[in-house]
Amino acid sequence: MEPKCRPKLVRRWGVMVLALLLDHAFGDLPNRWHPVAWMGTLVSFARRYAPNNGSAAQFLVGAAVVLGGALLTGLVGQGATKACGLLPRPFSWLLEAFLLKQTVALHGLAHAAEAVATPLALGDEIEARHQLSWHLVSRDTTTLDATHIAAATIESVAENASDGVIAPLVTYAGRGLPGAFVYRWLNTVDALWGYRDPAREWLGKAGARADDVANLVPARLTAALLLAAAALFRGKPGQAWHIWQRDAGLTASPNAGHPMSAMAGALGVELEKVGHYRLGKGLASPNVGDIHRAVTLMRGATVVGMVLSGVVLWIWQGKEKPSRKPGTLWVASSKGYE
């Protein structure tokens, strides 16, 4: 990459830091103002007009919604980027960070996990199940005991550390606001349609496959960052590596098993979804304290990712492009960055 591209990367790193600070300070907008909620409304609206049967027809409609929505959100992202560029630098960065923050759910995810942990710590499993199903999972929670409530919460924290934090930041780093917005659209379609029931098996297939591709790198990066966070926050990085390598392929999703198995090993707990998988089989049963530790590791992984990317960028930024002149040794170029 040419040196002129480096200031763009510096800007994007600074915007990501600002976005995370805004998320920490203010949390999420109310649903009526939140762009991701608007995306969900659009997907639900499309569902009303989708065919109820016929696998080919459902697949084509689902693919059209995925592609049409990706085009629309990408154009919105481009327009937003241009609008940010019209402002003076401090306000430009702040507006772009505010828009990026709408694709990141670190604060909201931590809050949702704590909403389950609080009643669970008081022994109120009924309320804990309600909070779990309301905030974090789509599965039936009515038969879950305290151990499986804790396990489901930790699984959701781990998986959404990728989907709701690392993935939008990675796509923004590579493709700016259009990339982050398109990623959030794909993830929203998959969250609402990506199920294997008769009504959505074919309707959501295109969205599910697109989401799988979009998360190939972020899911594995999240697992690696959880290992690093485990080393810094009294987790078990060696065990996290072992369980990650052993159990990542046990889930139906090609991506979800990576951060979840790394989290299981880092915490030293077994995460079981009855009838589907057991990650970290043979480890201790999780409890409410492990939910708090999972949130700490999620936050730690995010901080580690930002620090490491900042260090790499700083080192790279400091290297001047060498040029060779006849009869001389390699010397640093005196050209300034554009």
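**Close-ups of a predicted model**

**View 1. Helices H9 and H10 cross with their axes within 8 Å.** Start with helix H9, residues 216–232, and helix H10, residues 237–247, whose axes cross at roughly 155°. That angle makes H9 roughly antiparallel to H10, since anything over 145 degrees counts as roughly antiparallel. As for handedness, the crossing of H9 and H10 is right-handed. Keep in mind that this is a predicted model, here and in every view below.

**View 2. Arg129 and Glu125 pair up inside helix H6.** Here the two side chains meet in a salt bridge, with 3.2 Å from N to O. Arg129 and Glu125 sit 4 residues apart in H6 (residues 125–135), which is about one turn of the helix. Arg129 counts as buried because its relative accessibility is 17%, and the cut-off for buried is under 20%. Glu125, at 27% relative accessibility, counts as partly exposed.

**View 3. A salt bridge joins Glu155 to Arg139.** The N to O distance for this pair is 2.9 Å. The bridge links distant parts of the chain, 16 residues apart: Glu155 belongs to helix H7 (residues 146–193), while Arg139 is in the loop between H6 and H7.

**View 4. Arg278 meets Glu270 in a salt bridge.** Look for the two side chains at 3.0 Å, N to O. Is Glu270 buried or exposed? With a relative accessible area of 13%, Glu270 is buried. Arg278 has 35% relative accessibility and therefore counts as partly exposed.

**View 5. Asp23, Asp28 and Lys101 belong to one salt-bridge network.** These three residues are joined by salt bridges that share partners. How many salt bridges turn up when the whole structure is searched? The search finds 12.

**View 6. A nonpolar patch lies on the surface.** Five side chains to find here are Val303, Val307, Val311, Trp314 and Ile315. Together they have about 510 Å² of accessible area. Zoom in on Val311 and you are in helix H12, which covers residues 288–318. Val311 is partly exposed, with a relative accessible area of 40%.

Definitions and conventions
Residues are numbered from 1 along each chain as its sequence is written. This is a predicted model: local features need pLDDT of at least 70, side-chain atom pairs count only at pLDDT 80 or more; totals for chains, interfaces and linings use all residues. Side-chain values use heavy atoms; hydrogens and water are left out. Patches are made of residues with over 30% relative accessible area and no salt bridge: like charges are joined within 9 Å, nonpolar side chains (Val, Leu, Ile, Met, Phe, Trp, Tyr) within 5 Å. Accessible areas come from the Shrake-Rupley method with a 1.4 Å probe; for residues, only the protein chains shown count as cover. A salt bridge is a side-chain nitrogen of Lys or Arg within 4 Å of a carboxyl oxygen of Asp or Glu. Helices (H or I, at least four residues) and strands (E, at least two) are DSSP runs, numbered from the N terminus. Buried means under 20% relative accessible area, exposed over 50%, partly exposed in between (1.4 Å probe, protein chains only). Axes are lines fitted to C-alpha atoms, for helices over the stretch in contact, and angles run from 0 to 180 degrees between N-to-C directions. Angles under 35 degrees count as roughly parallel, over 145 as roughly antiparallel, 65 to 115 as roughly perpendicular and the rest as oblique. A crossing is left-handed if the near helix is turned anticlockwise from the far one by less than a right angle, and right-handed if clockwise.
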